[in-house]
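The following exercises are to be worked through with the sequence and the structure at hand. Each task is followed by a solution in steps.

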Amino acid sequence: MLKKIDKNDLSIEIKRHSFAHVMAAAIKELFPKVRFGVGPTVENGFYYDIELPHQLKMEELALIEKRMKDIIARKQPFVRRKLNLAEAKKLFVDLAEPYKLELIRDVESHGTTKYDEIQDGSSAGVKKHKMNFVTIYKTGEFIDLCRGPHVKNTSFLDPKAFKLTKIAGAYWRGEEKNPMLQRIYGAAFNTEEDLKKYLAQQEEAKRRDHRKLGKELGLFVFSDLIGPGLPLYTFKGAFILRKIKEYSNKLRKEMGYQEVQTPQINKAELFKISGHYDKYKNDMFNVVSHYSNEEYFLKPMNCPQHTQIFASEKRSYKDLPIRIADFSMLYRDEKPGELSGLTRLRSFSQDDGHCFCREDQLEEEFNKLLDAIPRVMKTYGMDYTIRLSLRDPQKKKNYLGDDKIWEKSQKMLKNLLIHKKIKFIVAEGEAAFYGPKMDLLASDSLGRRWQLSTIQLDLNMPQRFGLEFTGKDGKAQSPIMIHSAFMGSPERIFGVLIEHYGGAFPFWMSPVQIAIINVGKDHKKYAREVAAELEGQGFRTIILDEDESVGKKIHFAETQKIPYMVITGDKEIKQKSVALRQRGKKETEILKLNKAVEKFKKEQNPLA
Ligand SMILES: [Zn+2]
Ligand SMILES: [Zn+2]
């Protein structure tokens, strides 16, 4: 029996990819001089890189959208053909598509079109199964070099379920020496409803943009004199950052980690031993000393330094585990074009912990860290998933250490998660270069995913630095190193939290917690008494006693997103009470001052 294909059952990936072809076909009809780069799917949609004689304007996207709808209505089939390489080359020469031609030549010489594999040489294995054929797909006037799959014909796409969203510039194959193409992004979903939901979420994200809110709330600034990616935190911003760090530090202390402090510059030698020098030299800032020719670098991470704290004393099996934590500033020479607000910086810290332990202590140490994750997520009100990140078995040479170590440590992590009955997803190729890891993917209030904390198992670095302890049998052994962070970088998470909370930070992290508002002149004195009492109890207040209307003062407190307002008038003075109003709410509650204090005390600390 033939089963009718339900249009909604098709994988959204296939649809998004087909939308990219439809967009290309529409552009080809509208601008016949177009040359095509590549058009993959991305999260929530797709893009196509194109070369055009003119710079596209946003208004022209509507034109392209309209033509896409026409094409969808025409029920155009996606026609597949298999060509040998000579035929394919001839076709794209005839079509005058130089970028597609380059891709076919790559297939010919390297067996793949994947640029990174060609660059790092890992395509060598692919080349062995020589590809003599490629497939092309024709949709209307547009012919693409493509593996597929696609929908059968354009009627499988909902013309109301897509929208072209953005035009950006992108170098061909991501290389600055190559021509700059125009990248057109589209969002695409199964249904119009899903699309609308996504677009509304994007609007909300714009309203909550941490760069915009950071300015409105006076949290951080950038200065041209200081440089890109190097933020200055105001009193308020620095306060919130400190709260984030204090909270991570509190959890660390409970787990027996000791906070240490380490310098921001190191000799290159340290990173040569750790392997960072070979891999990340171009991402580190070079520092010059007037007194030696030795190379120094600003440190991009703490791990190699912490090995030296371990190595500073003779350790026996009884001393282990040694657990240390660090909030030092780190520096990475990020490309200026990739810097973004607080979420991509050149200077930042990490709530970084390293544990040096014996193999028989591994499970307990991991369990401690894994138990903390739900607490952290509850405190910040986020959902999460654990991702087990393994090395890419096809690209073993990108990782340090031999096969045996990797197999052992990957298996160990997997068993820990299974043993603890934690649900997880597996991602090959996401491991750190020195070992496998567990990553925490947290989703914020807008449903966006952020990779935050990570717990990494490392059998490599202790060996590279020759770390050892004396075992029970008196023989020297190498410790295992566990790298961990709860929130990753406090500065980055600060940016994420601004958007997650829409700037309305919970009471415990708010730099100003309570605004005290007097109704009239006669109530100023009482307002000050209330403020003094609250400050004395450890709360952070601001007195708004200018001769302005109560409405205006409430408006100010609301725009500054102060969690509570305490309003004082005649009645309150008589009763020794306050009228309490919560941020974002209209009603007030009359409370005796001591009852208000009790209420505030309940919110003074993080949840966990
Ligand atoms: Zn395709
Ligand atoms: Zn580390």
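**Exercise 1.** In strand 26, which residue is the bridge partner of Ile455?

*Solution.* The model under study is predicted. The bridge partner of Ile455 in strand 26 is Ser484. Strand 23 (residues 449–458) runs antiparallel to strand 26, and five bridges join them. Next, consider strand 19 (residues 352–357): six bridges join it to strand 26, again in an antiparallel arrangement. Here Gly353 has Ser484 as its bridge partner.

**Exercise 2.** Determine whether the residues on the two faces of strand 26 are buried or exposed.

*Solution.* On one side lie Ile480, Ile482 and Ser484, and on the other Met481, His483 and Ala485; all are buried. Because six of the six residues of strand 26 (residues 480–485) are buried, the strand is largely enclosed by the rest of the structure.

**Exercise 3.** Identify the protein donors of the zinc ion (ligand 1) and assign their geometry.

*Solution.* The donors are His17 (NE2), His21 (NE2), Cys146 (SG) and His150 (NE2), at 2.0 to 2.1 Å from the zinc ion. Along the chain, their spacing reads H-x3-H-x124-C-x3-H. His17 belongs to helix 1 (residues 12–30), whereas Cys146 is in the loop between strand 6 (142–145) and strand 7 (162–171), so this pair ties together parts 129 residues apart in sequence. Both His17 and Cys146 are buried. For the geometry, four donors count as tetrahedral if all angles lie between 85 and 135 degrees.

Notes:
Residues numbered from 1 in each chain as written. Chains lettered and ligands numbered in written order. Predicted model: local features only at pLDDT ≥ 70, side-chain atom pairs only at ≥ 80, totals over all residues. Heavy atoms only, no water. Donors = N, O, S within 2.8 Å, 3.2 Å for Na, K, Ca; no water. Tetrahedral: all angles 85-135°; square planar, octahedral: opposite > 155°, others 65-115°. Helix = DSSP H or I, 4+ residues; strand = E, 2+ residues; numbered from the N terminus. Buried < 20%, exposed > 50% of the residue type's maximum accessible area, 1.4 Å probe, protein only. Pairing = 2+ DSSP bridges.
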